[in-house]
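Please look through the sequence and the structure below before reading on.

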Amino acid sequence: MWTLRPVHYLMVAPVHLLLLVFIFVPALYVGWLSLTHSSFGGPPEFVGLENYATMLADRIFWRSFWNTFLVVNIVVYGELALGLGLALLLAGWVPFKRVVIAIILAPYAITEVTAVIMWRYMLEPDVGMINYALKSLGVPQIEWAVEPFSALMVVSVLAIWQHLPFTFLILYAAVTTIPNELIESAKVDGATPWQTFWFVKLRLILPAVFVALMFRYIFAMRIFSEVWLLTEGGPARMTEVLAVYLYRQAFRYHEFGAASATGWMLLLLSLVIALPYLRAMYVKMFRDG
Amino acid sequence: MRRTHLSKLAFAASLALAVSLGTSGAFAQAKPEKLVIMSHAVHKGAVTGEKGGDSSADWSKKNGVGTEWLTFGVEAVHERVYREASLAEGKVDIAFILERYSGPQVARLFEDLSQYQAKDPIEDFNEISSGMRTAHTHNGKLIAIPFRHATHGLLYNQVYFKERGVDAPPKTMEALLALAEKMNYTRPDGTVVHGYITSFDDPSGIVDLMRAFGGDFITSDYKFVADSPASIKVVTLLRDFFRKGIFPKNVFTFKTEEVITMMQQGRAAMTNQPFGRFFNYNDAKQSKFPGEFKVTTIPAAGGGIAPAKTSVWGMAIPANSKNKQLAWTLIKELSSKKATVAQAINGNGPVRVSAYKDEGVRKLVPYADDEAAVLQTARSTVPGFENTQKAMDFFMEEIQLAMLGTKTPEQAMADLKKRVEPLLPR
């Protein structure tokens, strides 16, 4: 049994100090700012919960919230399904495995801005390769610049394509550590491939699945570049997500109190989503031994 | 005794040190190594360009002080300038700001330049139009000296005009609209040509059309008029242009850059943008039709010149600058008649009418007379006030809803009125 001694606290102190200085204190400052009217040219003026009330009464906030909810869930579970499928596939024999893995990882090496602009030009209505091909085949074009749902789907596909390597790597690493003996035992016991996956493999890689889910949820909640560079939240702010809503308040309207309130709302939402996963990880990894 | 002597010595030494520090401090204030200028890249190009020469060079030589330009995009430069100017002590000595991004709420952050002007005046200051000076005057403070204007004209591709049998630009707004339909076609090589495009990044392109019919968005005395029949007529027209494919399907995502690319690639026939784009469109390195683009005034309904959009960049001195007096001398230099001409040759929209009469400028700027004529009536897209950006976003949102058919033009403008009027200064 481990006994925690002062030296152990000392060893973990630097990371906690960094968290305190760069995350906790600024978060508290932003929390205070969210209770003020604050802009350039004057000192912040305390207004209590007014910014939160205004935000909750704003229909564009709620539209941004539901857009974020939709995109985040499509992206996180889409990536999980695809990443898991690819991890399981590549754990077995696949020709040119290294090349295939390199292809899967490649989008992660492209900056978000470049990736979005590339997709935007491929989907351009008059001259874009994708829309041109669809038009040539007599298939309706993807109306991402006009239909909000199409735009949000394009954003989701783009985000999945670019961030799949993160989820894939975590799951692939977990899948490759499953002992072969367990798989063989299951086969000897007459388990079908589905039963082997469900009762053996998935149980063993569950902590990794939780880690991937939690991190991707938190990162995806901040989705910004894909929306900003593709549609800037348009048409008519119908594809706006929470990070774009916050950006407008802070950097276009210079309403730092309102932007801080949105920031805190994003933080609370991330916490609400992360807590069940954190709890499940804790139970799986520590309490269950 | 000895103690007293020591005390006197210490006092004398302290005094000497203080004087020395004070002197060196004063010296540092009068003679920094460089002045820091925060601006858009276009201002740096106008001041230091090769064609017209560096209009800050003489000042640098005379004062023994250099300049450091920090350049950003339009929105970013204002955000950074205001952030820097809000600090107790700033490092920016001259900031370039656009009139619609400023307003009474930020006036406190800058020096009142009318006091500097009274003590050490800029040459023939009254030649700079009072409208431009007023655009940068808030709470009675002149916070920036006009440096550059970007005024809209009608730019068109002459090759396409000839292809469609059009030999002259339209003289009335009605003719322009009919021409936009005619210029919407597919070329034999398969190029889809859109009859007319404009930027949907902010209301400036749309407000030009509203003003051509006698409408507007917000008047200079802060009255909402986008629900006037003339303005609604334009919203209906935009909706029809969108439905007919005169505007591309992705027009809502068009910023200035997209409009430039479309025109340079020959995918659109006409647009309303600053006169200065003439050079971008005719640049052989960037354009498929170098030398084939022309620019003229935007016609008003029934004839004449429409009061197009102009935006005025001005030079301001942050109140927390340590080199205010020196910064003023550079502003004074850059505002001189000679410098204005040099900057115009470098592609700047000159704020002095006399620059349009200069032979060097006229040789390089074939649209000088047209631009000078538009300046007589040109106005800012919207007057600067605390909620300008929000009002402009609301405008674009409601316009797009009308164009998509979600609302009728009348309903969209009525809803816009409800959202914008509470934001306007009382």
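Two residues are in contact if their C-beta atoms, placed from the backbone, lie within 7 Å. Chain B as a whole averages a pLDDT of 91, with 93% of the residues scoring at least 70. For the complex, the predictor gives an ipTM of 0.88 and a pTM of 0.87.

This is a predicted model, in which local features need pLDDT of at least 70 and side-chain atom pairs count only at pLDDT 80 or more, while totals for chains, interfaces and linings use all residues. Residues are numbered from 1 along each chain as its sequence is written, and chains are lettered from A and ligands numbered from 1 in the order in which they are written.

Next comes the layout of chain B. Its C-alpha atoms fill a box of roughly 105 × 50 × 35 Å along the principal axes, and the chain holds 18 helices and 11 strands. The domain assignment, whose bounds come from an automatic or database source, gives domain 1 (26-150 + 310-375) and domain 2 (152-309 + 384-423) of chain B. The C-alpha centres of these two domains lie 29 Å apart. Where they meet, 15 residues of domain 1 are in contact with 16 residues of domain 2. On the domain 1 side, strand 11 (310-316) and helix 16 (368-375) of chain B each give two or more residues. The largest share of that side, four residues, comes from helix 16 of chain B.

Chain B also touches chain A, and this contact takes 19 residues from chain A and 21 residues from chain B. The chain A side divides into eight nonpolar, five polar and six charged residues. In this count Ala, Val, Leu, Ile, Met, Phe, Trp, Tyr, Cys and Pro are nonpolar, Asp, Glu, Lys and Arg are charged, and the others, Gly among them, are polar.

Now to the interior. Of the 426 residues of chain B, 50% count as buried. A residue is buried if 20 or more other C-beta atoms lie within 10 Å of its own, exposed if 12 or fewer, and partly exposed in between, with C-beta atoms placed from the backbone. Helix 9 (residues 204-212) of chain B is largely enclosed by the rest of the structure, because nine of its nine residues are buried. These residues pack against several elements of chain B, including helix 8 (173-182), helix 10 (229-244) and helix 17 (388-404). Just after helix 9 of chain B, Gly214(B) takes a positive phi of about 95°.

A nonpolar core is a set of buried Ala, Val, Leu, Ile, Met, Phe, Trp, Tyr and Cys residues joined through C-beta atoms within 7 Å. The largest one has 124 residues, and Val155(A), Leu155(B) and Phe395(B) are among those that touch the most other members. Helix 7 (residues 148-175) of chain A gives the largest share of this core, 14 residues. A second, separate core of 55 residues includes Trp59(B), Leu98(B), Ile331(B) and Val365(B).

Note on methods
pLDDT = per-residue confidence, 0-100.
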